[in-house]
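Subject: Structure handover

Hello,

Please find the structure below, with notes on what was found in it.

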2 protein chains.
Amino acid sequence: MLADIEQGSLASKAATEIRNMLIEGHFGPGEKLSEVQVASQLGISRNTLREVFRILASQGLLIHVPNRGAFVAAPDEAAVIDIYRTRRVIQRGAVHAAALGHPALARMQALVADAGNMRDGGNWQAVGTLNMDFHRAMVELCDSSRLSACFDLVMAELRLVFGQLIDTGHLHEPYVELNASLYKLLLEGRTAEALSLLDHYLVQSERSVLAALHRRRSDQKAVT
Amino acid sequence: MLADIEQGSLASKAATEIRNMLIEGHFGPGEKLSEVQVASQLGISRNTLREVFRILASQGLLIHVPNRGAFVAAPDEAAVIDIYRTRRVIQRGAVHAAALGHPALARMQALVADAGNMRDGGNWQAVGTLNMDFHRAMVELCDSSRLSACFDLVMAELRLVFGQLIDTGHLHEPYVELNASLYKLLLEGRTAEALSLLDHYLVQSERSVLAALHRRRSDQKAVT
DNA sequence: TCAATATAGATTGTTGAACAATATATTTCT
DNA sequence: AGAAATATATTGTTCAACAATCTATATTGA
């Protein structure tokens, strides 16, 4: 794993820092982030932190309630369903856009291989990351930075859900093989079958996330 | 036309104000927005304005260059192509999602009718707005707020392009009929034909935007 | 003259303190 | 207990200041 590149202003660094904390489940869903508290915690001023909050709120990771403050987004089942609807539309587009010899296909192949190794090594966290990267690479088949950006936003929110779950462990395990099959179908230009398999993947994944959402962390540290 | 609802904080109001100025072409593409200048112009403090800039940058309307400032996004041909790739994916998804009796269909019908009236009245600006609203309603067929939000982002950028053009006049005129036909096909559940017509619309629209981009405003007030 | 360098000026990045406006918690009253 | 009034805390916003960086100007050297 490469070390994070230290670049940009204090605000940028703080934004990625908080983003990572959110994705890693460092905060509880719906938890309020006090400006003075977080500011002193990160060693930045309140004004700078407010800029960071505005960025993260624009990305859907924080909810900004006027005169009340910034709250950690707490995606519920409706949100998960919404996220998977978005994924269906975008990733179906990716299947249709899949062109032979596209650089993204090579990336997908490599990511499938890596995921297999990590699974065999029992490194579930890496499997999850590689699974995300695989689907991200898949969207890049569309050759649209805007579509990729949109997908990233939705996936960040999904990662936020994962961070709020307890058993993030084997959640991605069953999908290593599915991704491998999906890649092969795309490589061979078997669009219809790829679409069908994608649907199957999304249904299954959505189902497991929704199921895990029932026994989520908010049961422990419940916040209004 | 309804008066703008005065709500939210100064920052929110300033954000929508600047956003409107951007969309209406009040600034030139690539123009630099000085913090002190714009702040005094809007009667807000520099710190508050920086929050606004962060919001608009997240939405792709401004480009934030560290230590250099905020610049008006200047979508070039590559950006327009990218935008239409995104539209194709999302709106094809909308066609597939079109369900009989969906509320969005009723909205589309009303918008088609309004657009026809405005066209007959020669109100091209309204035709443009209604055209946008029509396609926005179409995306709502997907029943995904996230997908709609993504679409809104891309369309805002497209409106930014329009604002930077000279002859924004008849740009939307040919599409009133196309939209009407598209609506009818969706209403009758003729998916394949709707897809074909949608493709035709997007190709034609993209072409005209690209063409207009050649004789755009930046020829007059060129900014590095 | 031209290019490289050094200087001066302007702009952004960030902070801390201050205060008004709003929300939350506490107390008081019936 | 429930409602009203008070007190406290938090957000929204501004201002002034300074460091860091960029930009334009002036200077120097070949």
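Is A:Asn67 buried or exposed? A:Asn67 is exposed, because 6 other C-beta atoms lie within 10 Å. Keep in mind that this is a predicted model. A:Asn67 sits in the loop between β2 (62-65) and β3 (69-72) of chain A. Its phi is positive, about 65°, although A:Asn67 is not a glycine. Most residues other than glycine have a negative phi. A:Asp143 also has a positive phi, near 60°, and is not a glycine. A:Asp143 belongs to the loop between α6 (124-139) and α7 of chain A. A:Asp143 counts as partly exposed, because it has 16 C-beta neighbours inside 10 Å.

Domains of chain A

Chain A is split into domain 1 (10-72) and domain 2 (77-219). Taken over C-alpha atoms, the centres of domain 1 and domain 2 of chain A are 27 Å apart. Where the two meet, nine residues of domain 1 of chain A are in contact with nine residues of domain 2 of chain A. The domain 1 side of that contact in chain A has four nonpolar, four polar and one charged residues.

The two protein chains

Between the chains, 26 residues of chain A are in contact with 26 residues of chain B. On the chain A side, the elements that give two or more residues are α3 (46-58), α4 (77-97) and α7 (145-163). The largest share, eight residues, comes from α4(A). By class, this side of chain A has nine nonpolar, nine polar and eight charged residues.

How are the two copies related? Chain A is superposed on chain B by a rotation of 180° with 0.0 Å of shift along its axis, at an RMSD of 0.1 Å. That is the relation of a two-fold axis. The C-alpha of A:Glu51 is the one in chain A nearest the axis, 2.5 Å from it. The same surface serves both copies, as 100% of the contact residues of chain A recur in chain B.

The DNA strands

DNA strand C is surrounded by 18 residues, and the closest are A:Ser9, A:Leu10, A:Ser45, A:Asn47 and A:Thr48. The elements that give two or more residues to this surface are α1 (10-23) and α3 of chain A, together with α2 (35-42) and α3 (46-58) of chain B. By class, the surface near DNA strand C has five nonpolar, nine polar and four charged residues.

DNA strand D is likewise surrounded by 18 residues, the closest being A:Gly69, B:Ser9, B:Leu10, B:Ser45 and B:Thr48. Here the elements that give two or more residues are α2 (35-42) and α3 of chain A, together with α1 (10-23) and α3 of chain B. The surface near DNA strand D divides into five nonpolar, nine polar and four charged residues.

The core and one loop

The largest nonpolar core has 114 residues, of which A:Val52, A:Ala94, B:Val52 and B:Ala94 touch the most other members. Leaving aside neighbours within four places in sequence, A:Val52 is in contact with A:Ala11, A:Ala14, A:Ala15 and A:Ile18.

In chain B, B:Glu31 lies in the loop between α1 and β1 (32-33). B:Glu31 counts as partly exposed, because it has 16 C-beta neighbours inside 10 Å. The C-alpha atoms of B:Glu31 and B:Val72 are separated by 5.3 Å, while the two residues are 41 residues apart along the chain.

Regards

Methods
Residues numbered from 1 in each chain as written. Chains lettered and ligands numbered in written order. Predicted model: local features only at pLDDT ≥ 70, side-chain atom pairs only at ≥ 80, totals over all residues. Contact = placed C-beta atoms within 7 Å. Helix = DSSP H or I, 4+ residues; strand = E, 2+ residues; numbered from the N terminus. Nonpolar A, V, L, I, M, F, W, Y, C, P; charged D, E, K, R; others polar. Near = placed C-beta within 6 Å. Core = buried A, V, L, I, M, F, W, Y, C linked by C-beta atoms within 7 Å. Buried ≥ 20, exposed ≤ 12 C-beta atoms within 10 Å, placed from the backbone. Domains from an automatic or database assignment. Least-squares fit on C-alpha atoms with pLDDT ≥ 70 in both.
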